[in-house]
Structure formats: structure tokens, C-alpha cells
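Here's a walk through one chain, from a few individual residues out to the whole thing. Keep the structure open as you read.

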Amino acid sequence: MNGGASYKILLRDVYPALRHSDYAVKYTIRNFTVEEAKELLYTDPKQLSLNEMFQVAQTYEPGSRQFGEVFEIAVRMYPDDLVSNLNAANTAIQNGQLAQAKRYLAKAGNSPEKQLAEAAVAMLEGDLDRAEQLLTPLKDNAEVAEAVAGNLEQIRLKR
């Protein structure tokens, strides 16, 4: 038929659209229970969100080995997250690992909680002047005022 011109038009303009399919896939990610998250934390932590890791941490005694492990795993899975770095820094401070705490604090953004943690490191290193310098601007911050007052009192007693 007309030298194949009609077929060439069909082949060029019509058939490609017939061979094309569009799909939309929708799914809901189910949150893990705390017990499931505890298991996954040590076997496949990349499946857990930071919130799920935090929920696991809350099942352990603050300051315990397991509590600290959760925050260490969280910061390895989410190395650029400000909160996971701050949590890991606080755990390192509690364990006396000040160099490690400083590395985490360097990635913890800029917040009153970070400044409080930096002051704690300075106090533990014996640099009371630096600690006081970090704490003084936080005196009127309602979120950390109680901790700041306690730390400033400790500095006063050490002098």
C-alpha cells in the first residue's frame, strides 16, 4: 500500500506510544515495633529511622552501655544528623571520651545544647574560664537555664 508510507507513519508515530507503559507505585512503610527495632539495630540498622533508634535507646537506662551503643550506631548510620551527633557527644562525655565528644560536637550544629556540652568538655579538661565563657550567654535561655546554673555553681566551687 502506497509503497509502505502508511506503515512507516504508523511505525514512527503510533506504535511507540502503544509500547509505552506508565506505572505509579504507592506503598506505606510500616514502622517497626521497639522489639523489632532492637533486633534490627544490631543486624540491619540501616532499616531504622533515627526516631526508631531513639525509641530503642529509651528502653535502656540512661548512661548504660546499651544506651550509649544505640547512639553510637545512630551516628554511624546518620553521620551528618545534628541530633545524632549531639547525642553521641553527650554519651562520649559521660564516658570520659572527650576527644571523641569534640569530634561529634563539631558536627552537631549550633544550639544551646551543643554549647552546654562544649562547656562540659571544657570543665572536664579543667578549662574553667572557657567553660564559664560558654555558659554565661546561656543563663537566660529557659531550655538550659537549670543546667547552666548548676554548672556555673560547680565552676564557682572549684575556684
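## Glu 52 and its neighbours

Let's start with Glu 52: not counting residues up to four places away in sequence, Glu 52 touches Asn 31, Phe 32, Ala 37 and Gln 47. Touching here means contact, that is, heavy atoms within 4.5 Å.

Glu 52 lies in helix H3 (residues 50-57). Helices are DSSP runs of H or I with at least four residues, strands are runs of E with at least two, and they're numbered from the N terminus. Is Glu 52 buried or exposed? At 7% relative accessibility, Glu 52 counts as buried. The cut-offs are under 20% relative accessible area for buried, over 50% for exposed, and partly exposed in between, with a 1.4 Å probe and protein chains only.

## What you're looking at

This is a predicted model, so local features need pLDDT of at least 70 and side-chain atom pairs count only at pLDDT 80 or more, while totals for chains, interfaces and linings use all residues. Residues are numbered from 1 along each chain as its sequence is written, and side-chain values use heavy atoms, with hydrogens and water left out.

Gln 100 sits in helix H6 (residues 98-105). With a relative accessible area of 18%, Gln 100 is buried. Leaving out residues up to four places away in sequence, Gln 100 touches Glu 72 and Ala 92.

Further along, Ala 122 is part of helix H7 (residues 112-124), and its 5% relative accessibility makes it buried. Which residues does Ala 122 contact, leaving aside neighbours within four places in sequence? They're Asp 127, Arg 130 and Ala 131. As for Leu 40, 82 residues away along the chain, its C-alpha atom is separated from that of Ala 122 by 36 Å.

## Aromatic pairs

How many aromatic pairs does a search of the whole structure find? It finds 2. Rings of Phe, Tyr and Trp (its six-membered ring) pair if their centres lie within 6.5 Å; planes under 30 degrees apart are stacked, over 60 edge-to-face, and the rest tilted. Tyr 7 and Tyr 15 have ring centres 6.0 Å apart and planes at 65 degrees, so they're edge-to-face. Tyr 7 is partly exposed at 47% relative accessibility, and Tyr 15 is partly exposed at 25%.

Phe 67 and Phe 71 have ring centres 4.9 Å apart and planes at 85 degrees, so this pair is edge-to-face. Why are Phe 67 and Phe 71 separated by about one helical turn? Because they're 4 residues apart in helix H4 (residues 65-77). Phe 67 is buried at 12% relative accessibility, and Phe 71 is buried at 6%.

## The whole chain

Zooming out, the chain has 9 helices and 0 strands. Its C-alpha trace spans about 105 × 35 × 30 Å along the principal axes. The radius of gyration is 27 Å, whereas a compact globule of 159 residues would be near 15 Å; the value is taken over C-alpha atoms, and the globule rule is 2.2 Å times the number of residues to the power 0.38.

Of the 159 residues, 35% count as buried. Among contacts with a separation of 6 or more, 37% come from residues 24 or more positions apart.
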